[in-house]
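User: I have a structure open and would like to go through one of its chains with you. Could we start with how the parts of that chain meet?

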Amino acid sequence: MPLPVENVDTDQIIPARFLKATSREGFGDNLFRDWRFDKEGNKIDSFVLNDPRYSGSILIAGKNFGSGSSREHAAWAIHDYGFRVVVSSFFADIHKNNELNNFVLPVVVSDEFLKELFDTVFASPGSQICVNLPDQTITNLSTGHMEHFDINPYKKHCLLNGLDDISYLLSRKDDTEDYERKAKHY
Amino acid sequence: MPKTLFDKIWDAHAVNVIEGGPTQLYIDRHYCHEVTSPQAFDGLRRRGLRVFRPGRTVCSPDHNIPTKNQDKPIADSVSRNQVETLNRNAAEFGLDIFGIGHERNGIIHVIGPENGLTLPGYTIVCGDSHTSTHGAFGAVAFGIGTSEVEMVLASQCILQPKPKSMRITVDGHLRPGVTAKDVALYIISRMTTSGATGYFVEYAGEVVHDMSMEERMTLCNLSIEMGARGGMVAPDETTFAYLNGRDFAPKDDKWDEAVAYWRTLPTDDDAVFDAEVRFDAADIEPRVTFGTNPGMGIGISEVVPRNPGENDAERAGYTRALRYMGFEEGEKITGTRVDYVFVGSCTNGRFEDFRLFAEMVKGRKKAPGVIVWLVPGSRRVLGQIRSAGLDRIFAEAGFELREPGCSACLAMNDDKVAPGRLCVSTSNRNFEGRQGPGSRTILAGVPVAAAAALTGYITDPRTL
């Protein structure tokens, strides 16, 4: 799904009025809400998510994706809608972390590779992209071009094993209590 | 080995460093509001956990609450539900909460510091990107997502890779009429909204040293808008004077011990930062944004710049922003008709901000046709405004003073800007629709907001 817009901030990914929910479900309905639907609730045909030619679980976005508010709801919306990978040449920090914590893989590629992905997908909407997490590679199957992407080894381990930061931290409670005994407190 | 302020605090809180992974960081203070916490508490319940260190979390509802009639139930049912959920969660898990109407209630980043809950050398987190505000005290303070809120509640730790360090030095002395908000907006326009991504920033230089604590909070508050993980100012005598005697600050022997420790925190002389940037106060005038992110800003005497885009995507983004805001390249920003003015938010909702506003409007009248919201950042600030008689000045000038809350910063409560309307706002974000669908936001400091409130147009406050 090609979204060739730069600096997509989290207010666009999930507008503030949808942050009032008290559970994690259903955020996919409001992903890019004000770009997908007009004030009356009608679909805006020109927006790519409403274009039936484009689909898939990989979102390709312009640089500086996820800037602005720390709302993790943005990552929930992306996951709930059905995306499992977001490809861009630059991610805002907090949002990138939020994606990693919610089983959405942020893949950072070069500007050139990103441009070629957009060109490929717009030329041929059915184009395939392969993201291989164990090898840390992303391949544009139409052109055959491949790039290596970075990912924190700990996060990679967690994603591949369906693991959770909290279980890890809970397992280190003794260390935490040790720290509390030794640290300066005021 | 010489260390930066950031290094000293980070290293002192590292419980474990995971091989090839993040640091397990102990969190001294966790601030909690109603928007980003419900799912975190649900997570605890699902896992059958208690809050590990209840005494280190402080809750305050702020985003959803109305700024009028706070003694009545919240009218909007979804907002009411979210606030009541926080109340229930705080009660169930044994957490301190300063609810609506409580004397300590207010915007979370305003109440923490004024109550002495934010201290130098602390690690501080909150599910809110403007947590960087607390960095003004020489704390490592940053925003986190809801999953991380759950981590802190469950274990009083989070997992975080150590960011790089950047020092931003502002030399010289501020010109008359230029505020800390203008310094922050200037820095962001030079750095861009992603220029500090991956970095934790320390602000230094004469200009920063000369700032009051409230001004330092305004400066640090906006760090996230250039992509920084956080922003901080080294603690000094100004910091200690502010904290001395605050309700929850250390007292007596503990105070002396604490100050002695805090004095060891400032960056060592030969410490090395990963990046250094310098700015000169002489280049800074009152600022305004003209676009749809905080980096798209100019000095108030300047004109809307020509499209600086270096490729199709950048050019398209710029064009889109100008079209949304209704500006043209080369247009003067002064003289633009204003529909709303908002003074408040975690950026500029403190006593000194309202004192400055009062100085400017005293003896004058609000322009007809402008809706003005004056929203104190906390009940304590509201009290200070009244004690100083500023409320009389506001009333005589035709301004309405509200009750505390996040208000018009983001359209989550009743204070929304109508579609197509323009608001001069002392808040921190001007994204499309931030203050209400179709609303247009111009970020500015208090003097520019006051000038707009008095004239009904974007006006250089120095000409009044």
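Analyst: In chain B, 35 residues of domain 1 are in contact with 34 residues of domain 2. Please note that this is a predicted model.

User: Which elements of chain B give two or more residues to the side of domain 1 that touches domain 2?

Analyst: They are helix 4 (108-114), helix 6 (180-191) and helix 8 (213-221) of chain B. Helix 6 of chain B provides the largest share of that side, five residues.

User: And what is that side of domain 1 of chain B made of, by class?

Analyst: The side of domain 1 of chain B that touches domain 2 of chain B has 18 polar, nine charged and eight nonpolar residues.

User: Changing topic: which residues of helix 11 of chain B are buried?

Analyst: The buried residues there are Gly317(B), Tyr318(B), Ala321(B), Leu322(B) and Met325(B). Seen down the axis of helix 11 of chain B, they fall within an arc of 130°, so they line one face of the helix.

User: Why would residues three or four places apart point the same way in an α-helix?

Analyst: An α-helix has 3.6 residues a turn, so residues at that spacing point the same way.

User: What do the buried residues of helix 11 of chain B pack against?

Analyst: They pack against strand 18 (440-443) of chain B. The face of helix 11 turned away from its buried side carries the exposed residues Asp312(B) and Arg323(B).

User: What follows helix 11 of chain B?

Analyst: Gly326(B) follows, and its phi is positive, near 80°. Helix 11 itself runs over residues 312-325 of chain B and reaches 20 Å from its first C-alpha to its last, close to the 20 Å expected.

User: How many residues of chain B are in contact with chain A?

Analyst: 58 residues of chain B are in contact with 45 residues of chain A. Among the elements that each supply at least two residues of that side of chain B are helix 3 (77-93), helix 10 (252-262) and helix 11. Helix 5 of chain B gives the most, with six residues. By class, the side of chain B that touches chain A has 26 polar, 22 nonpolar and ten charged residues.

Methods
Residues numbered from 1 in each chain as written. Chains lettered and ligands numbered in written order. Predicted model: local features only at pLDDT ≥ 70, side-chain atom pairs only at ≥ 80, totals over all residues. Helix = DSSP H or I, 4+ residues; strand = E, 2+ residues; numbered from the N terminus. Expected span 1.5 Å × (residues − 1). Buried ≥ 20, exposed ≤ 12 C-beta atoms within 10 Å, placed from the backbone. Arc of directions from axis to C-beta. Contact = placed C-beta atoms within 7 Å. Nonpolar A, V, L, I, M, F, W, Y, C, P; charged D, E, K, R; others polar.
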